[in-house]
Amino acid sequence: MIKKLQKMRIQKRLKTSSAYTLGLAGFATLLAIVVMIILINRYNYTLTYYAFPQGDIALAMNEYGEVRSATRAIIGYDDQSSIDQAKKQHDEAVSNLEQLLKTVEKTMVTKEGKDGLTAIRTALDKYYAVEEKVIELGSSTDAALSSQAQKMALNDMTPVYDAGDEAFRALMDVNVQKGDSQQDYLLTLAIILIIVIVVLIVVAFLISTKLSSVTAKGIVAPMEQLISRLDAFSQGDITSPFPEFHQEDEIADMAKAVHSTTVKIQLIIDDLSHVLGEMANGNFNISSSCEEEYVGDFKALYDATSQMNHQVGVALGDVKDASDMVSIGATNLAEASQALAEGATDQAASVEELQAMISEITSALSKTAGEVNAAYDKARECADEAQKSHGEMEVLMKAMAKINETSQKIVNIIAEIEDIASQTNLLSLNAAIEAARAGDAGKGFAVVADQIRNLADQSAKSAVNTRHLIEESINEVEVGNQAATRTSEVLMDVVNSIQAIADTSKILSEMTTQEAESIEQADQGITRISEVVQSNSATAEETSATSEELSAQAVGMDEIIGQFELRDRK
């Protein structure tokens, strides 16, 4: 029965155990009721056939004595009315006696009782026969008859009466004996039945306790095993096997469901570990191998992982593109800076030549003070040279304007570099955030994101420094342009003056000193232009060096990004 219970489902097992327990309790209760009914019936039987008849027999014996007393009264009274009254009492007593005997007769169910009742009847018949004669003699007022009747009553009726009384007592003894025997029987039966009931109750209690213990153990033991395994599961133990249950109940169903869930979770965790491990190793061209398993709330986990993979891949791709653009921009900036440096060097050489020419003009003008006649020819030569210098000055101004335009382009390129560095910094921050969300799996990528952010900060700082240098170069070039403009105007004045000398050589002598002073001022302007050009050359060289450093950093960034395998974004 216990084996059958263990194979049942919990609900049926509990119902069956309860049914067994209730059945045993019901059986014990039913048995107790049956015992009570039996005892009650036997008690009623004893009362009806043994206890109550004793009272009836005692009443009958009393009425039997009343009959005798009435007979004695009949033969003892000497007046007729008393005799008649005694006869009436006699008849009533006889009637009552007969009624009692009939009642007693109904309760005589044993052979001894019936035999005793027969003996009473026999004794009464004899008594009535003798009594009739005694009453017949003694019912008169004749003293002789009464005396004769009294003698008959004493001699004949008394022995018969005693025999009847003895028969009554014998029947009483039989009923008392049967009653006592029946009482002992009921007491013995009650004790036996009580012992049986107690034994049944104890057996029912033991069986119920055993069933309850087996049922409880069959439920609690698997539950404890399952709870222990679930505790280990909550601590991260997914690979340990689940307990096996041979019964087919709700706990086994629950264990199977939990095992199935654990297998699915383990599959998902293994898949996520593989995907995140590949991402940590730099491979973002990876996808889930069991996408169909991500159902329900796991779908959000799959979407988040896929989105992180996509966003980080896109971010790294953008960083790579930005690095390529930085590299190209740095190369262009280096080339432009190199060209600016070379142009500044050429300008310095031209300015030195111009300064030398101005010096020669100053020396020539000093000589023209004493040689007015030859000044016309010299002035014409000087006019030609001044015209050439004016043309060279225009070339110089155009070169300065080109330097200014190139510097503006460099500023624009640096602004793009700053924008790229800002975007790179923003992308590195986003990558660091995604790496933080990924937890331990994103620590490696967080280091990469931090390096990218530092590289972006260094690029931004270098771009800002380069911008400052270029802006200073632009300011110095602007000053050089202004000086070149003034120099051009001065040269134009010189040309006009030489033209005037050619036309009015007489006035040349007077203007020589003034022109010498103007030429000296022009020499000072040319000196300042030379200084500005040299400063522009140094700034261009610094810009070229910074561009080369930025290009090297861009190459380093390309090498870092090259460690990652990205998806094709086409």
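Patches here are made of residues with over 30% relative accessible area and no salt bridge, where like charges are joined within 9 Å and nonpolar side chains (Val, Leu, Ile, Met, Phe, Trp, Tyr) within 5 Å. A salt bridge is a side-chain nitrogen of Lys or Arg within 4 Å of a carboxyl oxygen of Asp or Glu. Accessible areas come from the Shrake-Rupley method with a 1.4 Å probe.

This is a predicted model, in which local features need pLDDT of at least 70, side-chain atom pairs count only at pLDDT 80 or more, and totals for chains, interfaces and linings use all residues. Residues are numbered from 1 along each chain as its sequence is written, and side-chain values use heavy atoms, leaving out hydrogens and water.

**View 1. A nonpolar patch on the surface.** Meet L187, I191, I195, V199, V203 and I207, which together have about 490 Å² of accessible area. I195 sits in helix α5 (residues 143-234).

**View 2. A patch of negative charge on the surface.** Here E360, D377, E381, D384 and E385 gather; Asp and Glu count as negative. Helix α8 (residues 372-438) gives the largest share, four residues. E381, in helix α8, is partly exposed at 46% relative accessible area.

**View 3. A stacked aromatic pair, Y64 and Y161.** Ring centres within 6.5 Å make a pair, with planes under 30 degrees apart counted as stacked, over 60 as edge-to-face and the rest as tilted. The count comes to five aromatic pairs. Y64 and Y161 lie 4.4 Å apart centre to centre, with 20° between the planes. Y64 belongs to helix α2 (residues 10-76) and Y161 to helix α5, so the pair ties together parts 97 residues apart in sequence. Y64 is buried at 0% relative accessible area, and Y161 is buried at 9%.

Conventions
Helix = DSSP H or I, 4+ residues; strand = E, 2+ residues; numbered from the N terminus. Charge placed at Lys NZ, Arg CZ, Asp CG, Glu CD. Buried < 20%, exposed > 50% of the residue type's maximum accessible area, 1.4 Å probe, protein only. Phe/Tyr/Trp six-rings, centres within 6.5 Å; stacked < 30°, edge-to-face > 60°.
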